[in-house]
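Here's a quick walk through one protein model. Have the sequence and the coordinates open side by side as you read.

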Amino acid sequence: MKSRTKVVVIGGGIAGCSTLFHLTREGWNDVVLVERNELTSGTTWHSAAQVTNFGMNQTMVGLKTHSIRLYKELAENPEYPINYHHGDGGIRLANTEAQLQGYRHFASMARGMDVHFEVIDADECARRHPLVSTGNLLGGLWDPLDGDIDPAQLCQALAYHARKAGAQIYRNTPVTDLTQHADDTWTVHTEQGDIDCDIVVNACGYRVNEVAAMMDVHHPVASMEHQYFLTEDIPEIVSAGHRMPLIRCPISDYYCRQEKNGLLLGFYEQGCKTWGMDGIDPNFVNALCPDDLDRIMDVLQGAFERMPALMEAGIRSVINGPITYTIDGAPLVGPIPGKRNAFCIIGLRAGLGEGGGHGWLLAQQIVHGEACYDTWCLDPRRFTGHANVELTSLKAIEDYQNEFRFHFPHEHRPAGRPAKTTPLTPVLEAEGAEFTVVNGWERVDYIKPHKDFHPSLSFNFDEAFDVIQKEVLNVRDNVGLCEVNGFNRFEITGADRHAFLDRLVCGTLPRREGRVGLTYLLNHHGRIKCEATVANLPKTDRGPERIWYGSAAASEFHDMDWLSQHLREGEDVQIKSLTNEQTILVLAGPNARKVLSACARGDWSKEAFPWLSVRECFVGFTPATVMSVSFSGELAYEIHMPNASLYAAYLALRKAGDPFGLSLFGARAVESMRMEKGFFHWKADLLTEFDPFETGLDRFVKLSKDDFVGKPALQDLVSRGATRKMVTLSLETNSAPAHGGASVMAADEVVGTVTSGDWGHRVGLNLAYAFVDPERSVEGTMMEVDLCGERIAATVIRPSPYDPDHVRMRS
Ligand SMILES: Cc1cc2nc3c(=O)[nH]c(=O)nc-3n(C[C@H](O)[C@H](O)[C@H](O)COP(=O)(O)OP(=O)(O)OC[C@H]3O[C@@H](n4cnc5c(N)ncnc54)[C@H](O)[C@@H]3O)c2cc1C
């Protein structure tokens with residue numbers, strides 16, 4: 001066995017084999033995989049191994065497309081051919097209009113990745129799948145490239161090609177411990193000896209947390225028991241003369257594909273079971289859980305009704321095995337939070353279909369620091385401290401029970417709530433708040449007009465439209481108050497704090513005490529990594545001179561890693577997270593100054609406290625830090641307070657606000673207002689796929705600065721010209737917003753992708769942001785948005801249609 005290598009991948013299922021293979025494809029050949037037993041002896045060997053192209057966003061569709069292309073290439077390679085039923089096709093069924101509308105949105109989104117889904121009616125479903133009955137069926141989404149693969153052969157083929165490129169694989173080599181050294185390299189201790197390496201990858205399937213414990217971390221991954229059975233031959237299949245397409249059924253929660261001349265049916269029963277929560281038997285290898293067909297009777301009945309021929313078919317065998325889930329159902333693929341040179345590819349619940357793509361994106365991140373797509377939807381740092389395995393198991397059960405039911409816009413399912421709250425949560429609930437969930441935090445979405453107000457789930461504007469309009473208009477005309485909890489906040493102290501941050505931001509850093517600025521951090525490829533509000537606080541009895549670094553709610557682990565990885569030896573910089581200690585109350589509207597002045601001592605006039613100022617004060621008797629910044633476009637103050645005295649400050653603000661027409665507003669009103677102002681959301685509009693000039697952030701970049709992270713790469717990108725440009729679109733419909741991912745079309749060509757969309761209540765326009773071909777970014781250019789299957793005319797308008805000169809927020 002080698003004693004030193006560049007990367008050790010731990011685990012030889014599809015996740016590990018794909019990572020190893022792709023590392024060699026990226027040119028790293030001195031790499032090793034260690035497997036405690038035989039390759040595929042975890043979950044992979046017994047997988048139903050369906051390979052689909054369907055995904056909820058473009059990154060998922062893109063990585064699945066990579067899997068399909070790769071598997072086809074492997075299957076056709078005479079050196080090590082494998083069995084891959086490529087292109088049987090598949091149908092996701094629907095029995096409601098809302099589901100079909102959702103499928104039309106996903107088809108629009110996938111089209112931007114050159115993937116062509118089709119929404120078909122019930123008769124067409126039955127024509128393409130002769131076993132299907134059309135009762136209680138409206139139609140479905142046709143995925144032409146659905147298929148299935150032999151999982152063991154696939155892993156062996158990946159291993160074969162990786163070995164051929166120089167990689168080593170050590171079977172029957174359990175990893176027993178991991179040691180990280182002062183220079184961030186690792187020693188992987190195994191039963192067969194030690195291997196020193198630069199980088200480790202955890203690809204341990206349901207044993208993920210056994211290996212995580214060896215590096216003192218814990219991943220939010222839980223396992224569920226999952227069953228399928230194989231039937232005897234079915235005469236209708238034998239006589240059909242073609243292979244049956246796959247079926248996924250959100251009506252009765254099962255999937256089905258052809259296996260020999262029978263069917264393989266897998267079930268997502270309501271009475272589902274977690275697995276391995278109290279530890280996993282070390283001898284559970286190539287093993288299965290006991291069959292329990294009684295558990296699936298509820299969903300089996302639905303499958304019988306959809307495919308009556310099934311009722312005559314005998315069951316050949318039953319498989320029940322552990323399958324891993326995370327809090328939001330998507331895997332954790334990327335850097336391990338708080339660790340250096342450590343990655344994971346875990347929580348795969350559709351690892352055969354996705355594994356090729358995940359290994360590809362992970363290898364790119366390991367070798368190049370970033371992948372070709374923005375991988376935030378897979379990033380292990382997208383959940384923060386609350387993400388423990390108990391919460392994960394609750395969400396896993398919920399996800400399992402809803403396996404094929406996609407989330408509608410504004411849908412937040414109940415399991416594991418409330419996970420993170422402030423002292424105001426029950427107070428706002430009593431005020432009638434409807435909550436949304438942001439990284440576990442319960443955040444006010446809007447205030448319900450009455451307690452039984454439950455808007456329908458759909459891709460159209462919902463019944464909350466008028467409620468949100470009222471909130472927006474009160475912010476425009478009077479003043480509104482909104483709690484923004486969970487906003488990420490780092491306190492950066494030390495003599496080198498400015499020099500350190502200046503190296504990371506691509507623009508100008510506010511230097512003067514009492515000033516605030518919006519800044520962007522780029523990755524080494526010159527594209528957008530982080531967005532931060534930087535505030536300079538003077539030395540007071542509350543602390544030394546310090547910077548407050550504020551960023552999006554879910555960015556805490558991501559940004560902390562990025563900042564701390566750029567600290568230099570001996571630099572006097574300390575970074576402390578205040579994210580869970582502080583909450584913001586936003587006071588916004590023309591009367592905001594009057595309200596603040598009524599409850600906080602001091603001169604809050606425009607002259608004494610102008611736009612982009614920060615000051616410590618008391619709101620009532622609560623110590624607070626106030627910033628004059630605005631996401632709504634109105635005169636606004638962000639008031640930061642310790643959670644312990646948040647309620648006291650809230651009472652003071654409400655009392656002070658009464659004479660000035662103060663009312664509450666929520667995240668949906670904020671969303672509408674920020675769209676009218678041309679303001680972006682990190683990871684909706686600000687992506688690692690685009691540079692700041694493509695994103696329209698020219699004014700935040702100072703190329704004349706000596707140096708900053710990403711500068712050489714950015715200069716290179718600029719010299720090559722923009723690939724896409726961010727534009728603001730006005731859509732000619734008032735029935736639905738444009739949803740992130742929707743394709744922008746010119747004739748039959750996809751010329752762009754929507755990142756965000758919402759109604760602008762102050763301008764009366766249906767607004768969207770989209771990245772489009774640069775030549776179409778000129779104001780006045782007309783295009784169309786494929787909005788859930790309907791072509792809607794859209795015109796490029798100037799950014800910030802509401803108060804374009806930003807007079808109101810600086811007033
Ligand atoms: C019944 C069932 C049906 C499924 N059907 C489908 C489907 O149709 N399509 C689809 O895409 N997915 C399907 N899946 C999911 C898919 O099979 C999994 O997502 C995938 O196999 C997970 O692969 P993995 O490599 O992450 O984990 P595993 O296959 O479990 O591999 C992890 C490996 O790590 C090794 N390991 C663990 N600890 C150590 C250690 N200390 N040292 C060294 N090695 C270690 C293990 O021995 C194991 O080989 C199904 C799953 C089940 C249970």
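First, the ground rules. This is a predicted model, where local features need pLDDT of at least 70, side-chain atom pairs count only at pLDDT 80 or more, and totals for chains, interfaces and linings use all residues. Residues are numbered from 1 along each chain as its sequence is written, and side-chain values use heavy atoms, with hydrogens and water left out.

On confidence (pLDDT, the predictor's own score for each residue, from 0 to 100), the protein averages 97, and 100% of the residues score at least 70. Helices (H or I, at least four residues) and strands (E, at least two) are DSSP runs numbered from the N terminus.

| Element | Residues | Mean pLDDT |
|---|---|---|
| Helix H7, lowest | 235–240 | 93 |
| Strand S1, highest | 4–10 | 99 |

Now the helix pair. H2 (residues 58–75) packs on H9 (residues 351–368) at an angle of about 100°, their axes 7 Å apart. Axes here are lines fitted to C-alpha atoms over the stretch in contact, with angles from 0 to 180 degrees between N-to-C directions. The two helices are therefore roughly perpendicular (65 to 115 degrees). Contact means heavy atoms within 4.5 Å; on the H2 side the residues include Gly62, His66 and Tyr71, and on the H9 side they include Gly355, Gly356, Gly357 and Trp360. The residues of this contact split into 7 nonpolar, 9 polar and 2 charged (nonpolar is Ala, Val, Leu, Ile, Met, Phe, Trp, Tyr, Cys and Pro; charged is Asp, Glu, Lys and Arg; the others, Gly among them, are polar).

How many of the residues of helix H17 are buried? In H17 (residues 667–677), 10 of 11 are, buried being under 20% relative accessible area with a 1.4 Å probe, protein chains only. Among them are Arg668, Glu671, Arg674 and Lys677. The buried residues pack against helix H12 and strands S22, S23, S36 and S37. Just after H17, Gly678 takes a positive phi of about 75°.

Last, the strands, which pair if DSSP finds at least two bridges between them. Strands S19 (residues 332–335) and S20 (residues 342–346) run antiparallel, joined by 4 bridges, with Pro335 partnering Phe343. Their hairpin has 6 residues between the strands, and Gly338 has a positive phi near 75° there. Elsewhere, an open sheet of 3 strands runs S3-S8-S4 with antiparallel pairing. S3 and S4 stand at the edges with a single partner strand each, so one side of each lacks a neighbour in the sheet. Val51 stands opposite Gly147 in S8.

Technical notes
Parallel < 35°, antiparallel > 145°, perpendicular 65-115°, else oblique. Buried < 20%, exposed > 50% of the residue type's maximum accessible area, 1.4 Å probe, protein only.
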